[in-house]
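Here is a short report on helix packing and backbone angles. Look at the structure first, then read on.

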Amino acid sequence: MNLQNRVCFVTGAGGEIGSAIVATLARFGALVEAADLDEGRVATRLGEYPDLAKQCHGLALDVTDEGRWDDVVADILARHGRLDVMVNCAGLFAAGSASIDTMELAEWQRLHAVNVDGAFLGTRAGVRAMREAGGAIVNIGSIVGYFGARSGVAYGSSKAAICGLTMQAAASCVSAGIPVRVNAVHPGYVLTESALADEMKKHGNREAAIAAFSTRNPGGMIIKPNDVAGAVAFLACDLARAINGVQLLVDAGLSTQMPGRAFA
Ligand SMILES: NC(=O)c1ccc[n+]([C@@H]2O[C@H](COP(=O)([O-])OP(=O)(O)OC[C@H]3O[C@@H](n4cnc5c(N)ncnc54)[C@H](O)[C@@H]3O)[C@@H](O)[C@H]2O)c1
């Protein structure tokens with residue numbers, strides 16, 4: 001894969017999957033603008049990849065802040081002259097597992113503001129910046145949003161919106177003749193501290209929490225942030241030039257076991 005000198009913008013870059021995406025894009029040659037709520041959080045993550053320091057630049061962006069998006073993208077265009085790839089990875093997990101009858105409107109709105117509004121603002125900013133020269137946008141959803149889950153009503157709903165946003169944005173660009181591809185990556189159960197939080201509450205110790213977490217994936221496979229990052233890099237580069245509007249699952253085949261999909 002080749003992303004030599006491509007200018008990429010990744011949100012949620014202070015997180016585990018986001019920082020793996022930053023590092024993977026940079027290893028394929030990209031110049032990466034890495035954003036998160038807190039500049040210090042991004043700096044700490046980027047510090048884990050000293051060999052990539054020259055290619056990566058950290059910045060603060062709350063993805064729900066519409067005005068700040070304009071400033072940040074204008075600054076990137078001023079410094080690099082262009083943007084080639086936008087990755088919307090910033091996300092909030094649901095605290096606990098509220099069901100529909102106990103879900104508070106404030107909690108519903110908190111998750112949708114970051115997971116949906118943030119991804120919308122990022123997708124729109126990406127299309128606006130890349131509409132002439134072309135480019136690629138990758139939105140990070142979740143298999144929970146793709147298939148539904150027994151718990152996490154607001155989280156599942158917000159991630160389901162990533163499917164719709166991606167499809168509609170891709171269709172809108174194709175219809176308008178805008179050469180920007182928009183695709184989504186839906187991770188399965190990826191071992192990160194945020195995803196492990198519920199199991200940690202249940203089990204108390206880390207080893208037991210990881211053991212319980214990994215049984216969610218087929219064969220107990222541990223899916224790592226780099227597994228997601230590889231899929232993102234593929235969709236971002238020219239190898240995927242004819243791929244537009246797809247929902248790519250990175251779930252170790254969990255989806256094949258869904259009722260109605262797997263044959264006895
Ligand atoms: N880990 C998994 O199993 C899994 C599965 C499916 C989808 N995902 C998705 O992958 C993405 C990354 O997950 P992760 O496990 O690395 O979690 P993480 O908590 O390590 O990373 C999420 C990052 O988003 C940032 N963020 C939160 N609100 C923000 C805001 N308003 N503006 C800017 N940044 C903000 C956080 O500061 C954090 O650095 C999320 O969108 C998550 O929903 C994760």
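## Helices α1 and α9

Helix α1 (residues 16-27) packs against helix α9 (residues 225-236) at an angle of about 50°, and their axes lie 8 Å apart. An angle of this kind makes α1 oblique to α9. The α1 and α9 crossing is right-handed. This is a predicted model.

Which residues make the contact? From α1 come E16, I17, A20, I21, T24 and L25. From α9 come P225, N226, V228, A229, G230, V232, A233 and A236. Sorted by type, the residues of this α1 and α9 contact are 10 nonpolar, 3 polar and 1 charged.

## Helices α7 and α8

Two packed helices are described by two things: the angle between their axes and the distance between the axes. For the next pair, helix α7 (residues 193-203) and helix α8 (residues 206-214), the angle is about 125°. The axes of α7 and α8 are 8 Å apart.

The crossing of α7 and α8 is right-handed. On the α7 side, the contact uses L196, E199, M200 and H203. On the α8 side, it uses R206, A208, A209, I210, A212 and F213. By type, the residues where α7 meets α8 are 7 nonpolar, 1 polar and 2 charged.

## The span of helix α6

Helix α6 covers residues 153-176, which is 24 residues. How far apart are its end C-alpha atoms? They are 34 Å apart. At 1.5 Å a residue, α6 should span 34 Å, so the two values agree.

## Positive phi outside glycine

N5 is not a glycine, yet its phi is positive, at about 60°. N5 sits in the segment before β1 (7-11). Is N5 buried or exposed? N5 has 11 C-beta neighbours inside 10 Å, so N5 counts as exposed.

A252 is another residue other than glycine with a positive phi, near 60°. A252 is found in the segment after β7 (247-250). Is A252 buried or exposed? A252 has 20 other C-beta atoms within 10 Å, and the cut-off for buried is 20 or more, so A252 is buried.

How values were computed:
Residues are numbered from 1 along each chain as its sequence is written. This is a predicted model: local features need pLDDT of at least 70, side-chain atom pairs count only at pLDDT 80 or more; totals for chains, interfaces and linings use all residues. Helices (H or I, at least four residues) and strands (E, at least two) are DSSP runs, numbered from the N terminus. A residue is buried if 20 or more other C-beta atoms lie within 10 Å of its own, exposed if 12 or fewer, and partly exposed in between; C-beta atoms are placed from the backbone. The expected span of a helix is 1.5 Å times one less than its number of residues. Axes are lines fitted to C-alpha atoms, for helices over the stretch in contact, and angles run from 0 to 180 degrees between N-to-C directions. Angles under 35 degrees count as roughly parallel, over 145 as roughly antiparallel, 65 to 115 as roughly perpendicular and the rest as oblique. A crossing is left-handed if the near helix is turned anticlockwise from the far one by less than a right angle, and right-handed if clockwise. Two residues are in contact if their C-beta atoms, placed from the backbone, lie within 7 Å. Ala, Val, Leu, Ile, Met, Phe, Trp, Tyr, Cys and Pro count as nonpolar, Asp, Glu, Lys and Arg as charged, and the others, Gly among them, as polar.
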